[in-house]
Amino acid sequence: MADPMKIRAKLDGDVLDVRVLMAHPMETGQRKDGAGNLVPLHFIQTITAQLNGRPVFQAETSQAVSRNPVFGFKLKGAKTGDKLSITWTDNKGDKRTDEVTVPTA
Amino acid sequence: MTRTLALCAAAALVAAAPVPQAAGQTKPPAVERDATTEEFEKFRAVLEADNPAELFELRGAALWKTPRGPKNASLERCDLGLGPGVVKGAYVQLPRYFADTGKVMDAEQRIVHCMVTLQGFDAAALAKQPFSNETRTPDPVAITTFVAGQSRGMKIAPPQTRPQEREAYAVGREIFFYRAGGYDFSCASCHGEDGKRIRTQQLPNFTRPEEAIRSYQGWPGYRMTGGVMHTLQWRLNDCFRQQRFPEPGYVSDSLTALLTYLAVNSKGQVYKGPGIKR
Amino acid sequence: MQRLAALLLAATAPAILAPPAAADDPRTAAVTALQRDFKPRGIATMNFLVEDGVQAICNRTDDKPPKEIAQRLEQDQLAGIRWPADGKLVGDWKSGERIAQNGRGMTWSDPANAPGGGSCYNCHRIGPQETSFGTIGPSLFQFGKTRGSGPDMQRYVYGKIYNAKAFSLCSQMPRFDHVGALSEQQIKDLVALLLDPGSPVNK
Amino acid sequence: MTEPSRRTALKRSGALAAAAMAAGLLRPAEALADWNKSAFESKTVADALRNLKIASPADSKDIVIRAPDIAENGAVVPIEIQSNIPGTKSIAVLIEKNPFPYAASFDFAQGAALPFIALRVKMGETSNVRVVVATADGKFHAAVKEVKVTIGGCGG
């Protein structure tokens with residue numbers, strides 16, 4: 001199973017600054033392994049964020065996103081105690097969801 | 001897409017800065033060099049603010065707590081120098097002397113020692129493939145990254161109170177300046193002066209604290225090339241490769257001596273935690 | 001040649017060194033530790049850890065050997081240079097540029113006998129089009145234009161690349177052909193890169 | 001992937017999917033199964049834009065791209081994009097010289113996120129980073145920033 005994400009959520013007024021680190025190889029399909037074989041494409045395709053279960057942000061991505069991806073985005077109208085969850089899915093059908101509680105500003 | 005050779009070849013695509021009428025032996029134009037360095041510095045903060053190294057800290061923390069190995073024990077009784085189980089602040093006070101082994105040990109060497117003695121792992125097996133690659137991060141690497149993260153914001157303070165610790169420093173200093181191999185290189189060939197570069201890579205001068213810390217605080221480091229986590233054990237290993245030396249033994253006393261020299265030379269500087277490297 | 005240097009060292013060393021060191025002095029301890037902890041890998045054998053005469057003198061004098069010893073050893077190094085039998089010292093600068101760019105050679109991850117590179121850009125500014133250059137060595141941009149490209153200069157540059165220690169005993173520059181890291185033709189091509197009026201270095 | 005261009009920059013079905021998800025009818029992964037294959041597999045910027053259904057974007061100074069002039073390492077190029085164009089619904093990122101230029105698209109149609117995104121991408125060589133913003137009025141806006149990819153400490 002994939003390693004957990006690291007989600008940082010910081011309230012600045014009514015804007016929630018979100019930073020997320022994801023553990024994923026993001027293989028381009030062009031890299032060769034030690035034995036000289038091409039490593040197959042393996043990358044995150046979609047990312048969604050939900051605030052208290054309500055979808056607030058989504059993305060579609062390619063293998064051009066760096067290995068162990070880092071994303072930052074900003075949400076309006078979030079408050080302390082809200083549940084922020086982030087989900088990624090990759091091209092092999094793997095997925096991972098992690099959740100944090102919005103801390104006090 | 002991340003092929004080193006492709007990146008090297010791409011260098012030719014970089015538009016040349018206006019070339020002054022420089023004489024053959026003059027220094028490279030300062031303006032040009034500073035522009036590149038400044039541009040790197042500007043985005044260092046961005047890269048450091050959200051560093052994938054934190055993912056490895058998380059993994060290391062889990063490994064530290066989990067009962068594992070033939071003895072099904074966790075590392076929570078491991079003594080990193082501040083008492084069994086004390087992780088906070090331990091990294092910046094290593095390498096140090098340990099009475100139970102009768103020698104000076106660095107962080108990763110001590111962690112491997114704990115994995116062997118407390119958990120029953122096989123030292124030879126751990127030393128077989130000790131470094132990260134694209135598909136595998138060895139446990140000692142993740143654990144060392146976790147331990148290092150627990151000294152974030154603290155001052156580098158390796159003890160030099162015992163004779164063994166002072167001897168490790170003296171031996172490390174000798175290794176640092178020892179020129180040999182096909183290219184006549186020592187560590188000091190690249191790291192003995194201020195303000196030098198290999199290609200665009202800045203070379204910290206390890207003989208001065210303000211310079212030495214620039215490198216020491218970046219380790220363990222998340223390396224952008226390959227996107228892998230590396231510790232100082234790897235850094236020194238690959239330095240010796242490029243120094244055209246034979247290969248140093250993993251967590252060997254030679255490396256501990258050299259790390260003692262580097263740590264003591266960084267003394268008093270603030271350790272910022274696991275870093276991000278080119 | 002390394003043997004000669006070692007003999008010379010043996011002859012001169014006692015005069016410049018401190019009395020025989022105790023077994024546990026840091027230097028002896030360091031050499032012992034290196035011999036114990038390092039292992040051969042690929043082409044990097046344990047011989048790579050053994051100092052030759054030049055390295056031994058430089059290591060023991062903080063790269064500042066006494067003048068007369070330095071001169072004797074420099075002459076010894078100079079005498080070991082094998083000059084091209086055809087007398088030609090200048091090759092093809094385009095090939096030289098590729099050699100200057102190539103940083104491979106003599107590490108444990110390099111194959112045996114494969115042609116390596118000169119690693120020149122790692123330390124020197126050379127051609128104006130390459131902005132990714134190191135600063136450990138001096139800039140060589142416009143070298144031929146400012147220093148000339150006559151027979152003496154060709155001989156100096158060829159010799160310097162072949163064995164930098166023949167001109168400055170404790171130079172940080174490797175002795176590229178002294179240790180077989182560059183071939184005769186490769187050095188000729190590098191000479192061309194620095195001296196050929198057609199080379200971008202001299203534009 | 002019945003209709004590859006379904007999840008376009010405009011994302012017409014976004015509101016519907018959100019409603020379905022809120023009602024517990026769909027899991028997020030299923031709702032987003034419409035990853036734009038044809039755009040991601042396009043080998044030129046023109047093809048990618050066509051597959052994204054982006055037509056004649058106008059240059060805009062209201063898209064701020066913060067990326068290095070020279071990247072320290074092409075494997076990790078940090079990019080921050082801020083759109084100051086009212087009604088921004090999505091931001092698409094294309095790396096012109098990459099083998100597959102279309103890198104990512106970010107959807108702000110739900111109105112809960114500010115039109116800002118930070119990401120890190122791989123760049124095989126020096127290239128323009130092209131950003132295309134879609135707005136609620138159906139128009140497209142573009143901005144470009146060149147990032148040089150150079151040699152580092154490599155070579156040995």
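Predicted model: local features only at pLDDT ≥ 70, side-chain atom pairs only at ≥ 80, totals over all residues.
Which residue of S2(A) stands opposite Ala9(A)? That residue is Val18(A).

**Strands of chain A**

- Strand S1 of chain A, residues 6-12, runs antiparallel to S2(A), and seven bridges join the two.
- A hairpin is formed by S1(A) and S2(A), with two residues between them.
- Within the turn of this hairpin, Gly13(A) has a positive phi of about 70 degrees.
- On S2(A), there is also a pairing with strand S5 of chain A, residues 70-76; these strands run antiparallel and are joined by seven bridges.
- Arg19(A) has Gly72(A) in S5(A) as its bridge partner.
- Strand S2 of chain A covers residues 15-21, and five of its seven residues are buried, so the strand is largely enclosed by the rest of the structure.

**Interface of chain C and chain B: extent**

- The contact involves 63 residues of chain C and 53 residues of chain B.
- Between them, chain C and chain B bury about 5,000 Å², with 53% of this area on carbon and sulfur atoms.
- The residues of chain C that lose the most area to chain B are Phe38(C), Trp108(C) and Thr135(C), which together account for 14% of what that side buries.

- Five salt bridges are counted between chain C and chain B.
- One salt bridge links Glu130(C) with Arg199(B), where the closest N and O atoms are 3.6 Å apart.

**Interface of chain C and chain B: contributing elements**

- Elements of chain C that give two or more residues to the side touching chain B are helix H2 (26-37), strand S1 (38-39), helix H3 (53-60), helix H6 (120-123) and helix H7 (143-147).
- Of the side of chain C that touches chain B, H2(C) gives the most, with nine residues.
- By residue type, the side of chain C that touches chain B comprises 29 nonpolar, 21 polar and 13 charged residues.
- Strand pairing also connects the two chains: strand S8 of chain B, residues 247-248, runs antiparallel to S1(C), and two bridges join them.
- In that pairing, Phe38(C) in S1(C) is the bridge partner of Pro248(B).
- Phe38(C) is also among the residues that lose the most area to chain B.

**Ile161 of chain C**

- Ile161(C) belongs to helix H8 of chain C, which spans residues 151-162.
- With a relative accessible area of 9%, Ile161(C) is buried, because that value is under 20%.
- Leaving aside residues up to four places away in sequence, Ile161(C) touches residues including Met173(C), Phe176(C), Leu182(C), Ile187(C) and Val191(C).
- Ile161(C) and Val54(C) are 107 residues apart in sequence, and their C-alpha atoms are 16 Å apart in space.

**Make-up of chain D**

- Chain D contains four helices and nine strands.
- From the N terminus on, its elements follow the order α-α-α-α-β-β-β-β-β-β-β-β-β.
- Of the 156 residues in chain D, 57% are buried.
- Among contacts in chain D with a separation of 6 or more, 63% are between residues 24 or more positions apart.

Notes. Residues numbered from 1 in each chain as written. Chains lettered and ligands numbered in written order. Heavy atoms only, no water. Contact = heavy atoms within 4.5 Å. Buried area = accessible area lost by both parts, 1.4 Å probe. Salt bridge = Lys/Arg side-chain N within 4 Å of Asp/Glu carboxyl O. Nonpolar A, V, L, I, M, F, W, Y, C, P; charged D, E, K, R; others polar. Pairing = 2+ DSSP bridges. Buried < 20%, exposed > 50% of the residue type's maximum accessible area, 1.4 Å probe, protein only.
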